[in-house]
Amino acid sequence: MLLATFKLCAGSSYRHMRNMKGLRHQAVLAIGQELNRRALGESTPSAWINQVRRRSSLLGSCLEETFHSDQELAYIQQGEEAMQKALGILTNQEGWKNENQQANGDKVLSKVVPDVGKVFRLEVVVAQPMERLYEELVERMEAMGEWNPNVKEIKVLQKIGKDTVITHELAAEAAGNLVGPRDFVNVRCAKRRGSTCVLAGIATHFGEMPEQKGVIRAEQGPTCMVLRPLAGSPSKTKLTWLLSVDLKGWLPKTIINQVLSQTQMDFAYHLRKRLESNPVSEAQR
């Protein structure tokens, strides 16, 4: 009877439990308590009790990870949709024009995308493995202000599951203070697809982070970074960064284009310096 009840809770009733947080926790707790009671009554717990115990533990773990509020689900969906749109822009190879190119091969290209506006694409090769870049750009995201002078601060406002976060980012003044301080509230998500890692984001609304006095709230369009091992040299990483930003305020297009393309070049330069000064993370030492 208990096994049948467990299967019902874990299987056929799953969809109905999505919005019943209190009930699902009580059900899992009750099953665990009943299993313990029965196990204590036997000198050696039967195989099926041990099996259901394992399944109950797994179900509890999955519930913690997969059940979210409607707002959290909306954030997750927003991040995933931004990723798909950004990847769609990157995979379309037509119409890209050169904005800036360095002697080391770093380059920024741009094009105008309908319903998005002008987007910028950074392409660089970094002499570090992909896992090191992932650590710096995702796991140590809030430390970016320590090494990127274009970023004053990044704070994670909320973490949703394993892949999605809401962030607040404060950017430094640019172009000789012609571009004043801006801030951004974004939903970001990170996904791995085989040997490729995609980090995506887009502007979102987060009620606990209203606009700040003296700072213009800018907005990111669909943006992403794609990290993959360099073909034939897996100890190096090819990084492609799609940048789409509405800086708001009144700014000439020439200034905007200069600021955004230079921001990407600066990012590549300072990222390399950061990785060269600390090529192995503290966790790996």
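**Exercise 1.** Which residues lie nearest the centre of the second largest pocket, and how many residues line it?

*Solution.* This is a predicted model, where local features need pLDDT of at least 70 and side-chain atom pairs count only at pLDDT 80 or more, while totals for chains, interfaces and linings use all residues. Residues are numbered from 1 along each chain as its sequence is written, and side-chain values use heavy atoms, without hydrogens and water.

Step 1: the second largest pocket has 19 lining residues, and Val-116, Lys-118, Val-245, Asp-246 and Leu-247 lie nearest its centre. (On a 1 Å grid over the protein atoms alone, a pocket is an open set of points where a 1.4 Å probe fits, with protein on both sides within 12 Å along at least five of seven lines; lining residues have an atom within 4 Å of a point.)

Step 2: helix 7 gives the largest share of this lining, 4 residues. (Helices are DSSP runs of H or I with at least four residues, numbered from the N terminus.)

**Exercise 2.** At roughly what angle do the axes of helix 6 and helix 7 cross?

*Solution.* Step 1: the axes of helix 6 (residues 130-139) and helix 7 (residues 253-277) cross at roughly 110° and come within 12 Å. (Axes are lines fitted to C-alpha atoms over the stretch in contact, and angles run from 0 to 180 degrees between N-to-C directions.)

Step 1: the two helices are therefore roughly perpendicular (65 to 115 degrees).

Step 2: helix 6 makes the contact (heavy atoms within 4.5 Å) through Arg-132, Leu-133, Glu-136 and Leu-137, and helix 7 through Phe-267, Leu-271, Arg-274 and Leu-275.

**Exercise 3.** What is the mean pLDDT of the protein chain?

*Solution.* The mean is 81, and 73% of residues reach 70 or more. (pLDDT is the predictor's confidence in each residue, from 0 to 100.)

Definitions and conventions:
Angles under 35 degrees count as roughly parallel, over 145 as roughly antiparallel, 65 to 115 as roughly perpendicular and the rest as oblique.
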